[in-house]
Amino acid sequence: MKAALLQLNVSDDPSANLVQTTGMIAQAAGQGAKFVLTPEVTNCVSQDRAHQTRVLQHEADDITLKGLRQAAIRHGVWLSVGSLALKTHDPDGRFANRSFLIDPAGQILARYDKIHMFDVTVSETETYRESAGYRPGERAVVVDTPFAKIGLSICYDVRFAYLYRALAQAGAEVLLVPSAFSPVTGAAHWEPLLRARAIETGSFVLAAAQTGTHATQAGKPRKTYGHSMAISPWGEVLLDLGTEPGIGLVDLDPGSVAQSRKRIAALGHDRPFEGP
């Protein structure tokens with residue numbers, strides 16, 4: 001299976017972003033990709049909640065989801081929509097940060113709402129409170145496909161190793177980490193975290209990412225780290241897209257998952273222990 005990671009630099013305009021993303025899906029399919037992956041918040045990068053309220057939609061009406069399902073059909077590809085920012089019917093008005101796995105017939109096989117919210121103080125000038133605008137998910141998701149069992153996650157989830165262990169122990173062979181990572185934390189932690197999740201579980205890790213400074217109609221522009229990566233089950237970096245938007249191709253060999261897990265069978269070595 002040839003997978004394509006799309007590294008995007010989207011704005012806060014979902015319509016314009018859809019044109020960019022579907023164009024890159026077409027390019028990836030033309031290069032032989034059968035599994036295409038987009039990053040977190042593929043439809044809209046914005047830190048302005050009022051603007052988000054104006055441009056975001058509910059899942060049933062979302063133009064990005066509809067357009068990407070059509071692209072999967074048009075090009076006959078499996079598609080991981082890393083995530084979309086979507087309106088919900090929650091009384092407090094918070095959005096969902098939701099990932100989708102779409103088959104070549106355009107059917108949605110799985111949904112995953114980001115569990116861990118990015119509530120951090122990176123520095124005196126860089127603070128995020130994702131939970132103020134987004135409600136957290138509550139359910140881990142593994143999807144069975146003809147080419148691999150896939151575990152879904154989103155960005156900040158990568159810091160919580162127990163989630164990936166649970167996904168792998170539930171059968172996941174490929175772990176997805178679509179992201180819009182901070183440049184500061186990305187430079188220090190992105191690659192080590194991705195490699196650790198691959199090594200701990202003996203899984204492929206595929207992480208499509210947003211990159212660069214994101215154009216805005218409202219609010220403060222956001223910057224993201226880029227460096228979309230593919231990591232082998234042995235922890236080797238198979239792909240690093242750097243900081244420019246683009247497409248990276250990688251071949252997935254399911255046999256290497258079984259081989260890595262046979263060499264180090266840590267997923268079966270859990271033991272009970274008393275707390276500290």
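## Surroundings of L206

Once its neighbours within four places in sequence are set aside, L206 is in contact (heavy atoms within 4.5 Å) with A3, L5, F35, L37, V174, L175, L176, V177, M229, A230, V250 and L252. The model is a predicted one, in which local features need pLDDT of at least 70 and side-chain atom pairs count only at pLDDT 80 or more, while totals for chains, interfaces and linings use all residues. Residues are numbered from 1 along each chain as its sequence is written, and side-chain values use heavy atoms, with hydrogens and water left out.

## Nonpolar cores

L206 is, together with F35 and L194, among the residues with the most contacts inside the largest nonpolar core, which has 45 residues. Such a core is a set of buried Ala, Val, Leu, Ile, Met, Phe, Trp, Tyr and Cys residues joined through side-chain atoms within 4.5 Å, where buried means under 20% relative accessible area, exposed over 50% and partly exposed in between, with a 1.4 Å probe and protein chains only. At least two residues of this core come from each of β1 (2–7), β2 (35–37), β5 (108–113), α5 (161–169), β10 (174–176), α6 (183–201), β11 (204–207) and β14 (229–231); helices (H or I, at least four residues) and strands (E, at least two) are DSSP runs numbered from the N terminus. A second core, separate and of 31 residues, includes M24, F95, I102 and A180.

## The sheet containing β11

Six strands in the order β8-β9-β10-β11-β14-β15 form an open sheet with mixed pairing, two strands being paired if DSSP finds at least two bridges between them. Because β8 (142–144) and β15 (237–240) stand at the edges with a single partner strand each, one side of each is left without a neighbour in the sheet. Neighbouring strands are turned by 15 degrees against each other on average, direction ignored. β11 pairs with β14 in the antiparallel sense over three bridges, and V205 has I231 in β14 as its bridge partner. On this sheet packs α6, which touches β10, β11, β14 and β15 and whose direction makes about 30 degrees with that of β14; axes are lines fitted to C-alpha atoms, for helices over the stretch in contact, and angles run from 0 to 180 degrees between N-to-C directions.

## The sheet containing β2

Another open sheet of six strands, again with mixed pairing, has the order β5-β4-β3-β2-β1-β16. Its edge strands, β5 and β16 (246–251), each pair on one side only, and the twist averages 20 degrees from one strand to the next. β2 runs parallel to β3 (residues 78–86), to which three bridges join it, and F35 has W78 in β3 as its bridge partner. Helix α3 (residues 63–75) lies across β3, β4 (96–102) and β5, running at about 175 degrees to β3.

## Helix α7

In helix α7 (residues 254–263) the buried residues are S256, V257 and S260. They lie on the same side of α7 because they cover an arc of only 105 degrees around the axis, the arc being that of the directions from the helix axis to the C-beta atoms. These buried residues pack against β11. At the start of α7, a side-chain oxygen of D253 comes to within 3.0 Å of the backbone nitrogen of G255.

## T224 in β13

T224, in strand β13 (residues 222–225), is buried, with a relative accessible area of 5%. Its side chain forms a polar contact of 2.6 Å with that of H214, a polar contact being a pair of N or O atoms within 3.5 Å, of which, within protein, one must be able to donate a hydrogen and the other to accept it, with residues adjacent in sequence counted only if both atoms are side-chain atoms. A polar atom of the T224 side chain also lies 3.2 Å from the backbone oxygen of Q210.
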